[in-house]
Amino acid sequence: MLIGFLDVKSDLMIIDAHLHLPVLPEPRSYEQAMAKLLEDLRADQVNYAILIPDNLPNSEIGDVPVCLRLVRDTPELFLMGTIDIQTQGQEWIKELERLITQRLIVGMKIFPGHDPIYPTDPRLDPVYALCQANDLPMVIHTGWNSGHPEATQYNDPKTIVQVAERYPRLRIVIAHFFWPEVDYCYAVTHNYPNIYFDTSGLADGEVIQATGFEKIQAVLLKTLSENPKKVIFGTDYGMCSRPDHIQMIQRLPISAEVREGIFWRNAVELFHLPVTLLPTTQIYPASIR
Ligand SMILES: [Zn+2]
């Protein structure tokens with residue numbers, strides 16, 4: 001039993017560095033989605049999380065202004081900035097800069113593949129420069145979109161390494177490991193000290209079926225053996241099962257120290273998260289655990 005197992009390890013901190021608002025059945029409100037998100041964080045004994053808004057207005061998962069409002073009074077939730085460079089230009093980049101300066105966002109995300117843009121699109125240069133100047137990690141969506149393998153032309157790791165070379169102090173987080181081609185992703189990116197990986201989506205049934213569980217596990221272990229700071233725990237909660245992702249990391253044959261790095265320490269260092277190191281029992285009263 002996963003919950004029972006986590007109860008025993010209640011001193012283990014978990015940060016989910018990649019999640020979204022859940023999409024509830026109609027009629028729904030953002031506030032209801034937020035309440036569900038917090039309820040599930042507590043059920044899964046996750047201490048902190050980074051909420052990633054959509055880069056489209058009126059999205060079911062909320063855009064940056066909506067999510068900014070939702071996380072305002074929730075110290076266990078941090079926020080990521082997002083941008084659609086096709087429609088949002090200089091004015092939005094100025095707003096993102098304000099959010100960075102006021103420490104209202106801890107990272108940035110772009111969605112090549114969801115958007116028909118390449119990471120090397122010159123319109124993204126001011127965003128990369130802004131992130132690099134502020135040591136704000138840039139998360140890049142990669143891999144198949146459900147039912148749309150052709151989306152990978154836009155987020156191929158070979159274009160991401162070009163960005164890593166042009167911005168050597170920009171810390172890049174590859175989301176979803178370019179599934180199902182995780183071996184290829186590892187081969188192209190592993191020599192870049194400024195490229196990191198989050199685990200979001202990797203325990204999803206569709207991803208495992210297309211990629212192979214052994215392959216995913218092997219690529220995570222290879223990455224960790226070279227640099228244990230390079231893997232960040234994320235789940236794509238809202239679309240994917242968080243308990244499955246927790247279990248995937250629990251089952252990796254790694255030391256307690258490396259596991260602790262994946263579950264929270266690496267995210268704290270990478271995103272500069274101002275977290276309090278409390279066991280979950282102290283953050284959430286026993287009555288709601
Ligand atoms: Zn996601």
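1. The face of helix α9 turned away from its buried side carries the exposed residues E214 and S225. Here buried means under 20% relative accessible area, exposed over 50%, and partly exposed in between (1.4 Å probe, protein chains only). Helices (H or I, at least four residues) and strands (E, at least two) are DSSP runs, numbered from the N terminus. The structure is a predicted model, in which local features need pLDDT of at least 70 and side-chain atom pairs count only at pLDDT 80 or more, while totals for chains, interfaces and linings use all residues. Residues are numbered from 1 along each chain as its sequence is written, and side-chain values use heavy atoms, with hydrogens and water left out.

2. Helix α9 spans residues 213–226, 14 residues in total, and its first and last C-alpha atoms are 20 Å apart. This is close to the 20 Å expected at 1.5 Å a residue (the expected span is 1.5 Å times one less than the number of residues). The buried residues of α9 are I216, Q217, V219, L220, T223 and L224. They lie on the same side of α9, because they cover an arc of only 165° around the axis (taken from the directions from the helix axis to the C-beta atoms). An α-helix has 3.6 residues a turn, so residues three or four places apart point the same way. The cover over the buried residues of α9 includes α7 (182–189), β7 (195–198), α8 (205–211), β8, α10 and α11 (256–271), where contact means heavy atoms within 4.5 Å.

3. The zinc ion has H18 (NE2), H20 (NE2) and D236 (OD) as its donors, at 2.0 to 2.1 Å. Donors are N, O and S atoms within 2.8 Å of the metal (3.2 Å for Na, K and Ca); water is not among the atoms, so sites may look incomplete. The spacing of the donor residues in sequence is H-x1-H-x215-D. H20 is in the loop between β1 (15–19) and α2 (30–43) and D236 in the loop between β8 (231–232) and α10 (242–250), so this pair ties together parts that are 216 residues apart in sequence. Both H20 and D236 are buried.

4. Seven aromatic pairs are found in the whole structure. Rings of Phe, Tyr and Trp (its six-membered ring) pair if their centres lie within 6.5 Å; planes under 30 degrees apart count as stacked, over 60 as edge-to-face and the rest as tilted. The pair of Y118 and Y154 is tilted, because the ring centres are 4.9 Å apart and the planes stand at 45°. It links distant parts of the chain, 36 residues apart: Y118 is in the loop between β4 (107–110) and α5 (125–134), and Y154 in the loop between β5 (138–141) and α6 (157–166).

5. The rings of Y128 and Y167 also form a tilted pair, since their centres are 5.5 Å apart and their planes at 50°. Y128 belongs to helix α5 and Y167 to the loop between α6 and β6 (172–175), 39 residues apart. Y128 is buried at 0% relative accessible area, and Y167 is buried at 11%.

6. Two cis peptide bonds deserve attention: E26 to P27, with omega about -10°, and W179 to P180, with omega about 0°. Q45 has a positive phi, near 55°, and D236 one of about 60°; neither residue is a glycine. Most residues other than glycine have a negative phi, and most peptide bonds are trans. Q45 is buried, at 5% relative accessible area.
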